[in-house]
Amino acid sequence: MVKGSQIFTLSVTLLFFIICGKTYGTDTDIFCLKSIKDSLEDPHKHLQSWNFSNKTEGFICNFNGVECWHPDENKVLNLKLSRMSLRGPLPHGIGNCTSLTGLDLSGNNLSGSIPENIATLVPFITSLDLSSNQFSGAIPLSLANCTYINTIKLDQNHLSGQIPQQLALLPRLRIFTVSNNSLMGPVPNFTNGHVVVNYSNNEGLCGPSLKPCPNN
């Protein structure tokens with residue numbers, strides 16, 4: 001009998017081979033981090049360690065907030081840039097981190113909309129945390145194309161409009177939190193019973209675990 005932990009290990013291993021077979025890393029990942037640093041205001045110099053004059057293999061793996069697939073290879077696995085007082089829009093250059101599986105930008109002062117092509121920028125993402133920022137606009141429909149994702153945290157922003165119903169079709173999703181926004185309309189009908197949700201302080205939302213939606 002295959003245990004849950006074994007299934008998780010197999011899934012991570014499979015994702016590793018998929019990513020390695022479809023991405024190139026190194027130069028593109030270096031360019032990815034350069035573009036992120038250039039596009040964000042960093043008033044407290046948290047990204048000061050991002051010095052690109054070093055050309056040794058794996059040098060970006062020592063950058064603050066950067067985790068690599070292997071310490072001696074310039075291929076970014078996770079970006080953990082939470083609570084750094086960073087300002088600006090979500091950097092489109094993040095799409096050059098072609099092996100990225102985790103993105104945590106929570107607790108900053110990032111603003112603007114979440115890119116419509118988010119699934120193209122981070123196709124292999126498993127965890128996305130954009131909570132406690134100043135993001136506005138709608139939750140992009142393309143987020144439903146991030147088929148590896150298991151965690152989506154968008155709490156405490158200024159998001160509005162409806163939540164895409166297609167998010168209910170994400171097969172691996174386990175956490176979906178959007179509290180303290182200005183969202184409205186019916187919430188997705190997560191039928192697998194394993195998704196932890198938080199919709200609090202969105203007065204316009206309705207549906208399962210909330211007020212009934214109007215018939216129309």
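A residue is called buried when its relative accessible area is under 20%, exposed when over 50%, and partly exposed in between. The model is a predicted one, and it holds three disulfides.

Select Cys 32 and Cys 97. Their sulfur atoms lie 2.0 Å apart and form a disulfide. The torsion about this S-S bond is about -100°, so the link between Cys 32 and Cys 97 is left-handed. The pair connects distant parts of the chain, 65 residues apart: Cys 32 belongs to helix H2 (residues 27-39), whereas Cys 97 sits in the loop between strand S3 (87-88) and strand S4 (102-104). Both Cys 32 and Cys 97 are buried.

Next, select Cys 61 and Cys 68. A disulfide joins them, with an S to S distance of 2.2 Å. This link is left-handed, with -105° about the S-S bond. Cys 61 has a relative accessible area of 15% and is therefore buried; Cys 68, at 13%, also counts as buried.

Move on to Cys 206 and Cys 213, which are joined by a disulfide with an S to S distance of 2.1 Å. What is the handedness of the disulfide of Cys 206 and Cys 213? The torsion about the S-S bond is about 100°, so this disulfide is right-handed. Cys 206 is buried, with a relative accessible area of 5%, while Cys 213 is partly exposed at 30%.

Now display the bonded cysteines together. Numbered in sequence order along the chain, they pair as 1-4, 2-3, 5-6.

Finally, select Cys 146. Its relative accessibility is 0%, so Cys 146 counts as buried.

Terms used: Residues numbered from 1 in each chain as written. Predicted model: local features only at pLDDT ≥ 70, side-chain atom pairs only at ≥ 80, totals over all residues. Heavy atoms only, no water. Disulfide = S-S within 2.5 Å. Helix = DSSP H or I, 4+ residues; strand = E, 2+ residues; numbered from the N terminus. Buried < 20%, exposed > 50% of the residue type's maximum accessible area, 1.4 Å probe, protein only.
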